[in-house]
Amino acid sequence: MRKKKILLVDDDALTLEFFCKYFTREGFHVITVMDGKEAISKLQSDYFDLIVTDLIIPDVDGLAVLQAAKKQNPEVIVIILTGYGDISSAIEALRLGADDYLLKPCDTEELLLRSQRCFEKQMARSLHLHFLENMARIDRVIRQETDVEQMMSDFLQATLEIFEADRAWLLYPCDPDAESWSVPMERTRPEFPGALALGEDIPMLSEVRNVFRKVLEKNDVVTLNFQDPDSLKQTDKRFFTLSQMHTVVHTRTDKPWVFGVHQCSHCRDWTDDEKNLFREIGRRLGDGLSSLLLFRNLEENEANLRAFMENARGFGVYCVEIAEDQPYGTQTVFFSPSIKEILGIENPKENANWFEHIHSDDLDRVTASHHESRITGKVFDETFLTYNIWKQEWRWLRAISSPVKSADGIFARFNGLLVDITERKRAEEALRASEENLRITLNSIGDAVIATDKGGNITGLNPVAESLTGWSAGDAMGKPLQEVFHIVNEHTRIPMVNPVQKILRDKKIIGLANHTTLIAKNGSEYHISDSGAPILDRHGELFGVVLVFRDVSESRKLEQAKINFINAISHELRTPLTPILGYAEIMSEMDFPFEKRKRMLQEITKSVQREQELVDELLAVARLQSRQERYSFVELSADDLFKNIFYHSHTLVKQTIKERYHSEDFNYTAHISDDLKFVTVEVDPDRIQHILENLLTNAIKYSPSNRLWIECRAELNGEWVAISVRDRGRGIPKSEQMDIFKSFYQIRTGGNDVSDGIGQGLTLVKLYVEAHGGAITVESELNHGSLFTFTLPIKKNQTLNVSENP
């Protein structure tokens with residue numbers, strides 16, 4: 001056997017020497033090079049089974065070696081060696097066709113194991129190609145012959161060559177209860193003649209009877225060797241058979257056959273791949289043999305068909321001759337009895353009776369097609385409505401007639417079939433209505449639905465599935481499910497097993513594992529939950545799979561928000577209790593001077609107030625969402641309102657920074673435009689104060705200590721007063737900017753992060769702003785800061801002398 005040749009590429013001589021010795025000892029022929037150019041040169045002048053290359057090598061990198069290798073031989077196996085810092089390049093190598101990669105330093109045994117696995121995969125692909133090529137050959141043999149005997153002869157010859165056997169044969173019948181059996185067709189090597197040479201029926205021995213029963217019961221491939229306990233001792237000895245493989249072949253016309261091959265020159269162990277190929281060849285033979293036997297029986301059935309047609313209901317045959325002197329250019333010369341009932345007329349030979357009852361909407365089309373058929377010899381095939389006088393109703397008919405030429409080559413007559421398709425039309429209409437109802441239902445439900453055939457190819461998907469996968473129904477139709485429904489584990493990013501294959505195998509309803517992510521055609525990702533079920537026909541036979549799935553990204557966010565809320569509420573409500581309990585226990589156990597007790601009581605009071613603020617915040621959100629909050633709206637000068645708020649805000653900022661960062665190093669500015677002196681707004685001042693305090697507190701909380709820069713502005717903006725708070729803090733990710741106003745939502749740096757507060761601040765801000773008839777927006781960029789802007793409607797603007805909101 002030829003040694004497998006390996007090309008090792010690495011700029012480290014010691015590594016090359018070590019790998020070379022190891023692979024040589026394992027039976028490989030090893031070639032080593034130390035740079036990319038030499039590696040590519042070797043690839044162009046020699047053939048290699050495996051290439052192991054470092055990613056970073058002199059002259060030309062490992063990716064270029066990979067591309068050159070795959071260009072030279074697409075089947076060559078390439079394994080990339082890379083350091084920890086080169087993982088992204090290794091992944092790129094996999095995209096370019098690398099079969100595997102290993103991190104350096106790597107274990108030689110693991111490298112050998114990976115190499116062997118790659119060779120096994122390569123062998124599997126080769127075996128599959130061999131299977132397809134042989135099946136294509138068998139298909140050609142079966143399709144190209146209409147003669148049964150010739151087809152069987154060619155088929156057995158092809159089988160003999162495919163399996164390199166000594167004898168291929170067909171035995172009939174496979175009937176354990178029969179008295180004898182025969183071999184109507186076989187192909188053998190000259191030195192090993194078989195049962196066909198006897199030219200007679202062979203008595204049924206008990207050993208053959210037992211094998212027949214085994215073949216029928218198993219309905220699959222059976223292999224025997226002469227030393228097996230249940231082997232055909234006498235028969236094998238008679239026909240010099242050492243090993244054999246056979247299977248039952250079912251036809252639609254008669255008893256089953258047995259198809260087999262013999263190995264007479266040596267004992268042979270049949271591989272699983274050979275058995276699989278033999279099984280499929282047997283199935284194809286059954287189909288082909290059925291078709292040819294049916295064709296052979298066609299003449300025998302012709303008389304039966306004629307008798308059947310004479311007694312048929314719902315369809316009939318007719319023959320018309322071309323007769324230009326007749327009203328419609330033809331004369332009926334023959335019709336089966338059922339034609340009368342189909343047309344509802346007594347004498348179908350009068351052609352005028354055929355046409356005068358056709359619906360006016362169809363008459364011109366039918367007569368034009370009839371005329372074209374008479375002139376050109378084109379097959380006449382029309383569907384039309386006609387009135388049946390006997391049944392007193394309109395009926396759907398389909399007429400099909402084929403031209404027949406006379407001896408002088410002129411179209412002389414048409415043989416035709418007339419079918420009453422009324423019930424079929426009604427069924428089709430009912431089916432269309434049912435399909436339309438199904439379509440409307442699928443298009444209306446909120447879940448995504450994908451259906452496949454039993455091969456796992458898509459047969460349909462609804463609009464929700466189109467939206468989530470990014471594939472239109474037209475583009476997805478017929479494609480393998482895994483190409484459209486691309487799912488991975490959200491944590492490991494490893495592709496998940498195709499659910500259709502599991503459903504087809506187990507014929508059970510299944511659900512996807514948790515943490516499943518769907519990657520759409522455009523790269524968008526959705527967290528999904530789904531279930532799949534087999535589609536069974538009315539006989540319980542499997543013919544497809546349906547997947548139903550939904551986008552649970554929002555519910556996952558809500559679930560995380562709930563977890564965040566529990567963490568936050570636990571943290572925030574427990575935090576004030578610590579100093580309360582601590583100081584209370586100390587004061588109860590020890591006697592302190594008045595001043596020290598006073599400081600302790602102040603700390604307890606401060607913690608109680610914090611606890612009260614948290615509870616009030618929760619209750620405020622509840623009142624706002626249930627519309628039970630009460631406001632004290634008053635008309636105020638916008639200039640006075642914000643001068644007062646910005647003045648107090650400076651004190652808040654200073655105190656908050658001092659408590660949080662123990663620093664007074666910050667920059668705070670406030671600007672009120674002059675035109676607000678003439679503007680009146682109707683507000684609840686306490687709520688506006690709360691809005692500004694919350695925005696300022698967040699600006700401090702989410703700013704690093706070296707970027708404590710805050711700017712407040714109040715300006716006139718058309719019919720609104722716009723108030724903004726800008727900072728230079730950490731910023732808010734784009735993906736979270738739509739969520740920060742939701743209840744209990746907080747921006748977190750990790751799954752277990754518990755930030756200050758309970759995530760209600762911006763929810764209150766939004767509700768308060770909207771209660772004033774305004775809106776709030778946010779603009780933010782990571783590591784550059786955020787800008788929050790909310791608006792209040794103008795009540796009066798004295799510069800315009802107009803009441804905006806009377």
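Below are my entries, grouped by topic.

**Before starting**

I remind myself that this is a predicted model.

**Entry 1: two helix pairs**

I began with helices, since two packed helices are described by the angle between their axes and the distance between the axes.

How far apart are the axes of α2 and α3, and at what angle do the helices pack? I found 10 Å between the axes of α2 (residues 36-45) and α3 (residues 62-72), and a packing angle of about 5°. Angles under 35 degrees count as roughly parallel, so α2 and α3 are roughly parallel to each other. I then looked up who touches whom: on the α2 side I noted Gly 36, Ala 39, Ile 40, Leu 43 and Gln 44, and on the α3 side Ala 64, Val 65, Ala 68, Ala 69 and Gln 72. Sorted by class, the residues of this contact of α2 with α3 are seven nonpolar, three polar and no charged.

From α5, the contact uses Asn 134, Arg 137, Ile 138, Val 141 and Ile 142; from α6, the residues include Met 151, Asp 154, Phe 155 and Ala 158. The contact of α5 with α6 has seven nonpolar, two polar and three charged residues.

**Entry 2: a six-stranded sheet**

Next I turned to strands. In which order do the six strands of this open sheet lie? I read β8-β7-β6-β11-β10-β9, with antiparallel pairing. The edges are β8 (202-203) and β9 (222-225), each of which pairs on one side only.

**Entry 3: a five-stranded sheet**

I went on to another open sheet, where five strands follow the order β13-β12-β16-β15-β14, also paired antiparallel. Its edge strands are β13 (330-335) and β14 (380-388), each pairing on one side only. Ignoring direction, neighbouring strands of this sheet are turned by 30° against each other on average.

How many bridges join β12 to β16? I found seven between β12 (residues 315-322) and β16 (residues 411-420), which run antiparallel. Val 320 stands opposite Phe 414 in β16.

Two helices on this sheet went into my notes. Helix α13 (residues 360-376) touches β12, β13, β14 and β16, and its direction makes about 140° with that of β14. Helix α14 (residues 422-444) touches β14, β15 (393-405) and β16, and its direction makes about 115° with that of β15.

**Entry 4: a hairpin**

I looked at β17 (residues 448-453) and β18 (residues 458-461), which pair in the antiparallel sense over three bridges. Ile 450 has Leu 461 of β18 as its bridge partner. Four residues lie between the strands of this hairpin, and Gly 456 takes a positive phi near 85° there.

I kept a general point in mind: most residues other than glycine have a negative phi, and most peptide bonds are trans.

Which residues does a cis peptide bond with omega of about -5° join? I noted Lys 104 and Pro 105, with Pro 105 in the loop between β5 (100-103) and α5. The bond from Tyr 172 to Pro 173 is cis as well, with omega near -10°. Pro 173 sits in the loop between β6 and β7.

Glu 164, though not a glycine, has a positive phi of about 50°. I found Glu 164 in the loop between α6 and β6. Is Glu 164 buried or exposed? Its relative accessible area is 60%, so I put Glu 164 down as exposed.

His 662 is not a glycine either, and has a positive phi of about 55°. His 662 lies in the loop between α21 (638-661) and β25 (667-672). At 70% relative accessibility, His 662 counts as exposed.

**Entry 5: a buried proline**

I finished with Pro 499, which is in helix α18 (residues 499-506). Its relative accessibility is 5%, so Pro 499 counts as buried. The C-alpha atoms of Pro 499 and Gly 532 are separated by 7.3 Å, although the two residues are 33 residues apart along the chain.

Technical notes. Residues are numbered from 1 along each chain as its sequence is written. This is a predicted model: local features need pLDDT of at least 70, side-chain atom pairs count only at pLDDT 80 or more; totals for chains, interfaces and linings use all residues. Side-chain values use heavy atoms; hydrogens and water are left out. Axes are lines fitted to C-alpha atoms, for helices over the stretch in contact, and angles run from 0 to 180 degrees between N-to-C directions. Angles under 35 degrees count as roughly parallel, over 145 as roughly antiparallel, 65 to 115 as roughly perpendicular and the rest as oblique. Contact means heavy atoms within 4.5 Å. Ala, Val, Leu, Ile, Met, Phe, Trp, Tyr, Cys and Pro count as nonpolar, Asp, Glu, Lys and Arg as charged, and the others, Gly among them, as polar. Two strands pair if DSSP finds at least two bridges between them. Buried means under 20% relative accessible area, exposed over 50%, partly exposed in between (1.4 Å probe, protein chains only).
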